[in-house]
Amino acid sequence: MTQRIGILTGGGDCPGLNAVIRAVAKSLMRQCGAEVIGIEYGFGGLMGEVPRVRPLDWASVSGILMRGGTILGTSNRANPLRSEADTERVLAHARALGLQALVVIGGDGSMAIAHGLAQRGLPIVGVPKTIDNDIPGCERSFGFDTAVATVTEAIERLQTTAESHGRVMIVETMGRYAGWIALEAGLAGAADVILLPEIDFDIEAVAAVCRERERRQRYTIICIGEGAKPIGGELTVHRRITDSPDPIRLGGVALVLQAALQARLDSEVRATVLGHVQRGGPPTPFDRVLATLFGNEAAQLVMRGDFNRMVTQQAGRLTSIALAEAAHGSRRVPADHPLLRAARQIGVSLGEAGQPLGPIVGRPTDGPGAVPPCPRADGV
Ligand code: F6P
């Protein structure tokens, strides 16, 4: 009997979704002659009176590898676990469509829904997606590399105008409660200050960096994650979407920081909130490859009947974890992450008090304020 497999994309879109759809569908079609059904607008496609589905044949998944967004459409509001009637309807549609399995490409919210439906008997394989790179149990999600490349380019563009005008430029990235995008793009774009949700910043320390650079270099670039906040301060919430599985939308902390810094500095301070530009456009080659690997691996799990698991990458290797493990929480930048250490050591401010400012020239190697001599390359 021909296998019939459904596939949907849930939550916010991200570059690389089409690459996963293509890999799942082609792998299933080639390896077991499966019939692949695309479900439109995430779980919403199974929640109406009539399911919104379309067959995905070889031609319809060809030529989409490099296209951003998702050909199936998505929704970050449709949540069939909100009521028993919605859950029942989704399960009934899946039965009526004859789906032997459902591949869910989504973030933590979609994985939580997938887990709930799996517990009700729907065989599911999850594929993690998010530009935020914050899904528990997955060290690298596709879409992240593209977002970092977009932010890095934006920082580079802001750098030349900041330099020309002698301004402090603040760039706000997405990322929710995790600072991965701000950290990697901040380092790649040579930001002078990187502010992350994981480290509450000291506004006086940030102002001191800008003042020191006003004297020495005239301009400063600050890269801030949308979930960052000052010590003792609050998150900056842009809006609340009550029917979304994750109702809080962050955004605008760059403007809050702009006002706080402007009150302390002579230089003009400007803020740029990058927003959804970070989610748009074609995936980078790295993301195309990662998405293809994830999609193909999801197809292998389906063919093995290894359900209720999510494809993931751990220690650089493809593997899978139980959906339940990926369904809750956020994978944040750990305090001992090597990128944080490297940032501090090369003089990038993380908004912490007590960090020495600017280059250290002619510091004595003994006495008060001494810096240890550099070890020789031969270790002597
Ligand atoms: O999770 C991806 C993400 O882009 C976050 O970085 C951002 O906070 C959020 O989605 C924005 O969601 P929406 O598209 O609903 O505004």
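Modeller: Here follow questions and answers on a sheet, its helices and a few single residues.

This is a predicted model, in which local features need pLDDT of at least 70 and side-chain atom pairs count only at pLDDT 80 or more, while totals for chains, interfaces and linings use all residues. Residues are numbered from 1 along each chain as its sequence is written, and side-chain values use heavy atoms, with hydrogens and water left out.

Colleague: In what order do the four strands of the open sheet lie?

Modeller: Strands (E, at least two residues) and helices (H or I, at least four) are DSSP runs numbered from the N terminus. Two strands pair if DSSP finds at least two bridges between them. The pairing in this sheet is parallel, and the order is E7-E8-E6-E11.

Colleague: Which strands are at the edges?

Modeller: An edge strand here pairs on one side only. The two that do so are strand E7 (193-195) and strand E11 (269-273).

Colleague: By how many degrees are neighbouring strands turned against each other on average?

Modeller: Axes are lines fitted to C-alpha atoms, for helices over the stretch in contact, and angles run from 0 to 180 degrees between N-to-C directions. For the average over neighbouring strands of this sheet, direction is ignored, and the value is 20 degrees.

Colleague: How many bridges join E6 to E8, and how many join E6 to E11?

Modeller: E6 pairs with E8 in the parallel sense over six bridges, where Ile170 has Ile222 as its partner. On E11, the bridge partner of Val171 is Thr272. E6 and E11 also run parallel, and the number of bridges joining them is five.

Colleague: Why is E6 described as largely enclosed by the rest of the structure?

Modeller: Buried means under 20% relative accessible area, exposed over 50% and partly exposed in between, using a 1.4 Å probe and protein chains only. Val168, Ile170 and Glu172 point one way from E6, Met169, Val171 and Thr173 point the other way, and all are buried. E6 is largely enclosed because the buried residues number six of the six.

Colleague: Which residue in E8 stands opposite Leu195?

Modeller: E7 and strand E8 (residues 220-225) run parallel and are joined by three bridges. The residue opposite Leu195 is Ile224.

Colleague: Which strands does helix H6 touch?

Modeller: Helix H6 (residues 203-216) packs on the sheet, and its direction makes about 155 degrees with that of E8. Helix H5 (residues 180-188) lies across strand E6 (168-173), E7 and E8, at about 170 degrees to E7. The strands touched by H6 are E6, E7 and E8.

Colleague: At roughly what angle do the axes of H5 and H10 cross?

Modeller: Contact means heavy atoms within 4.5 Å, and Leu183, Glu184 and Leu187 in H5 meet Leu339, Leu340 and Ala343 in H10. Angles under 35 degrees count as roughly parallel, over 145 as roughly antiparallel, 65 to 115 as roughly perpendicular and the rest as oblique. The axes of H5 and helix H10 (residues 338-345) come within 11 Å and cross at roughly 40 degrees. That makes the two helices oblique.

Colleague: Which side chain makes a polar contact with that of Thr9?

Modeller: Thr9 is in strand E1 (residues 4-9) and counts as buried because its relative accessibility is 1%. A polar contact is a pair of N or O atoms within 3.5 Å; within protein, one must be able to donate a hydrogen and the other to accept it, and residues adjacent in sequence count only if both atoms are side-chain atoms. A polar atom of the Thr9 side chain lies 2.9 Å from the backbone oxygen of Gly73. The side-chain partner, at 3.0 Å, is Thr70.

Colleague: Which backbone oxygen lies 2.7 Å from a polar atom of the His93 side chain?

Modeller: His93 is in helix H2 (residues 84-96) and is buried at 10% relative accessibility. Leaving aside neighbours within four places in sequence, its contacts include Leu46, Glu49 and Pro51. The oxygen at 2.7 Å belongs to Gly48.

Colleague: How many Å separate the C-alpha atoms of Phe43 and Asn76?

Modeller: Phe43 lies in the loop between strand E2 (35-39) and E3, and is buried, with a relative accessible area of 2%. Beyond neighbours within four places in sequence, Phe43 contacts residues including Leu8, Pro80 and Ile113. Phe43 and Asn76 are 33 residues apart along the chain, and their C-alpha separation is 9.1 Å.
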